[in-house]
Amino acid sequence: MESWWHIISTACLIAAALVGTHWNFNLPAKAICSVLSGLLLLRLFVIYHDQQHHAILPRSRTAQIFMRLFGIYALSPSRIWRSSHNHHHNHNSKLRGSHIGSFPIMTKSQYLKSSASTRRKYLFMRHPLTILFGYFFVFVIGMCIVPFLKNPKRNYDGLLALLLHVAIGMALVHYWGWMALFLTQTIPHFILYATGTYLFYAQHNFPSVSFNDKAG
């Protein structure tokens, strides 16, 4: 029951915050609701992460359905998430293979031996602006577009997530205008993905971290 309490209470607060981004007449209050909804989405994403690892509600069919729907809404379809993120966990602390579902890691000697194009790609993927704009680079491209293009039949939910995201955005503009799009979708998702991307990066990139060079 405690797990369900965290899920339901967070989902209800998200709904209330999103409603508050356009169903009131005070712009500062709308902005506060927008930021709050982004932080609450981040909280639910952390719960989603734990449920995908079967740390909570592993046998609940209802939880699986709810989280599958949330994954599509959050541009992190569960099928794609599991294949990439589980690979990352299975290759954690390894120099080779750990880049799938995470950020690439090179030693100084490996970097100096790499081609110019490989260096540019490496620096781009680890650049602070790439992390800041994780909304586009990590989730829209990395979690939806690339997996779908690689295997459309298996990763069709990546396309579904993008279509839903665009449809919600178009509906917001049609019924409430561009400000609603900015406050109800853009800002909350920007906060969610920028913070989420940084957490993925910081989890395995800090001064005392150690890696080995075994591929297995």
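Q: Which residues does Leu172 touch, not counting residues up to four places away in sequence?
A: In this predicted model, the place of Leu172 is in helix H9. Leaving out residues up to four places away in sequence, the residues that Leu172 touches are Gly177, Ala180, Leu181, Thr184 and Gln185.

Q: Is Leu172 buried or exposed?
A: A residue counts as buried when its relative accessible area is under 20%. The relative accessible area of Leu172 is 6%, and because this value falls under that limit, Leu172 is buried.

Q: What separation is found between the C-alpha atoms of Leu172 and Phe182?
A: Along the chain, Leu172 and Phe182 are 10 residues apart.

Q: How many helices and how many strands does the chain have?
A: From the N terminus on, the elements of the chain run α-α-α-α-α-α-α-α-α-α. The secondary structure therefore comes to zero strands and 10 helices.

Q: With which residues is Phe70 in contact, leaving aside its neighbours within four places in sequence?
A: Phe70 is one of the buried residues of H3, together with Ala63, Met67, Gly71 and Ile72. The buried residues of this helix pack against H1, H2 and H9. Once the neighbours within four places in sequence are left aside, Phe70 is in contact with Leu41, Leu44, Phe45 and Tyr48.

Q: At roughly what angle do the axes of H1 and H3 cross?
A: Two packed helices are described by the angle between their axes and the distance between the axes. For H1 and H3, the crossing is left-handed. The axes of these two helices come within 12 Å, and they cross at roughly 35°.

Q: Against which helices do the buried residues of H1 pack?
A: H1 has 19 residues and reaches 27 Å from its first C-alpha to its last, close to the 27 Å expected at 1.5 Å a residue. Within this helix, Ile7, Ser9, Thr10, Ile14, Ala17, Leu18 and Gly20 are buried. The helices against which the buried residues of H1 pack are H2, H3 and H10.

Q: Which residue with a positive phi follows H3?
A: H3 has 13 residues and reaches 19 Å from its first C-alpha to its last, close to the 18 Å expected at 1.5 Å a residue. After this helix comes a residue whose phi is positive, near 60°, and that residue is Leu75.

Q: Is Asn155 buried or exposed?
A: Asn155 lies in the loop between H8 and H9. Leaving aside its neighbours within four places in sequence, Asn155 is in contact with Arg79, Ile80, Pro147 and Phe148. Its relative accessible area is 9%, so Asn155 is buried.

How values were computed: Residues are numbered from 1 along each chain as its sequence is written. This is a predicted model: local features need pLDDT of at least 70, side-chain atom pairs count only at pLDDT 80 or more; totals for chains, interfaces and linings use all residues. Side-chain values use heavy atoms; hydrogens and water are left out. Contact means heavy atoms within 4.5 Å. Axes are lines fitted to C-alpha atoms, for helices over the stretch in contact, and angles run from 0 to 180 degrees between N-to-C directions. Helices (H or I, at least four residues) and strands (E, at least two) are DSSP runs, numbered from the N terminus. A crossing is left-handed if the near helix is turned anticlockwise from the far one by less than a right angle, and right-handed if clockwise. The expected span of a helix is 1.5 Å times one less than its number of residues. Buried means under 20% relative accessible area, exposed over 50%, partly exposed in between (1.4 Å probe, protein chains only).
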